Amino acid sequence: GEPVDFVYRDRAALDCLTHTLADTKTPLHLSRLPIDSPVADSIIRAYRHKAFILCHPRASNPYIPIDGDAQHTLAQLPKRIRSDLRRARNKAKRLGQVCFDIHSPTDKASLTPLLQEATRIEASGWKGRSHTALQTSPTMGPFITAYAQRACEQGRLRMAFLRIDDRAVAMQI
């Protein structure tokens, strides 16, 4: 469900890639292509006269604008979402003291324990049971680690944790 873009060296390589895809006559469904990606234009050119192309621009990531006042912001949400949030908050409170941590690590020493905690949480659910968690993936685990290290070095990494009684139970990178 994350935004996904193609990996390519330059515009010529991208055009070669999309024309090769078009020649295979393989249908593509790119539901999370970033809106500013040059891939869309290249695909349209490559598939022209070869396929039906349908584009629906949408926000790349859902968000809730926050104006500074939490109560006002919550009041602007649809009733169903407010109810879901209230129910989730009450369920968490029944389990213990609830708090949220947001980290912006700036070096490997501070990143490593946070990344270990995040992958432990991810592996504790269905991804761990289905053996698709980062801890067990020979490709995604190293990729996310390298990505997190680079984002950390660039000052762009944010890691959020939901804790119940000081134990992290949910996270988002």
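**Helix and strand packing**

Analyst: Bear in mind that this is a predicted model.

User: Which residues of α5 and α7 make the contact?
Analyst: From α5 there are Lys 108, Leu 111 and Leu 115, and from α7 there are Thr 145, Ala 148, Gln 149 and Cys 152. Sorted by class, the contact of α5 with α7 has four nonpolar, two polar and one charged residues.

User: At what angle do α5 and α7 pack, and how far apart are their axes?
Analyst: Helix α5 (residues 108-123) and helix α7 (residues 140-153) pack at about 140 degrees, and their axes are 10 Å apart. Roughly antiparallel needs an angle over 145 degrees. The angle therefore makes α5 oblique to α7.

User: Now α1 and α2. What is the angle there, and what is the distance between the axes?
Analyst: The angle between helix α1 (residues 11-24) and helix α2 (residues 39-47) is about 45 degrees, with the axes 8 Å apart. That makes α1 oblique to α2.

User: Left-handed or right-handed crossing for α1 and α2?
Analyst: Right-handed, as α1 passes α2.

User: Which residues meet between α1 and α2?
Analyst: On the α1 side they are Arg 11, Leu 14, Asp 15, Thr 18, His 19, Leu 21 and Ala 22. On the α2 side they are Val 39, Asp 41, Ser 42, Ile 43, Arg 45, Ala 46 and Tyr 47. By class, the contact of α1 with α2 has seven nonpolar, three polar and four charged residues.

User: Switching to α4. What should its length be, and what is it in the model?
Analyst: Helix α4 (residues 79-95) has 17 residues, so at 1.5 Å a residue it should span 24 Å. Its end C-alpha atoms are 25 Å apart, which agrees.

User: What comes just after α4?
Analyst: Gly 96, which takes a positive phi of about 155 degrees.

User: OK, the sheet. What is the strand order, and is the pairing parallel or antiparallel?
Analyst: The sheet is open, with three strands in the order β1-β2-β3, and the pairing is antiparallel. The edge strands are β1 (98-103) and β3 (167-172), each of which pairs on one side only. On average, neighbouring strands of this sheet are turned by 25 degrees against each other, direction ignored.

User: How many bridges join β1 to β2?
Analyst: Six, and these two strands run antiparallel. His 103 has Met 159 in β2 as its bridge partner.

User: And how many between β2 and β3?
Analyst: Strand β2 (residues 159-164) pairs with β3 over five bridges, in the antiparallel sense.

User: Which residue of β3 does Phe 161 stand opposite?
Analyst: Phe 161 stands opposite Met 171. Further along, Arg 163 faces Ala 168 across the pairing, and Ile 164 has Arg 167 as its bridge partner.

User: What about the hairpin of β2 and β3, how many residues are between the strands?
Analyst: Two residues lie between the strands of that hairpin, and Asp 165 takes a positive phi near 50 degrees there.

Technical notes
Residues numbered from 1 in each chain as written. Predicted model: local features only at pLDDT ≥ 70, side-chain atom pairs only at ≥ 80, totals over all residues. Heavy atoms only, no water. Axes fitted to C-alpha atoms, helices over the stretch in contact; angles between N-to-C directions. Helix = DSSP H or I, 4+ residues; strand = E, 2+ residues; numbered from the N terminus. Parallel < 35°, antiparallel > 145°, perpendicular 65-115°, else oblique. Left-handed = near helix turned anticlockwise from the far one by under 90°. Contact = heavy atoms within 4.5 Å. Nonpolar A, V, L, I, M, F, W, Y, C, P; charged D, E, K, R; others polar. Expected span 1.5 Å × (residues − 1). Pairing = 2+ DSSP bridges.
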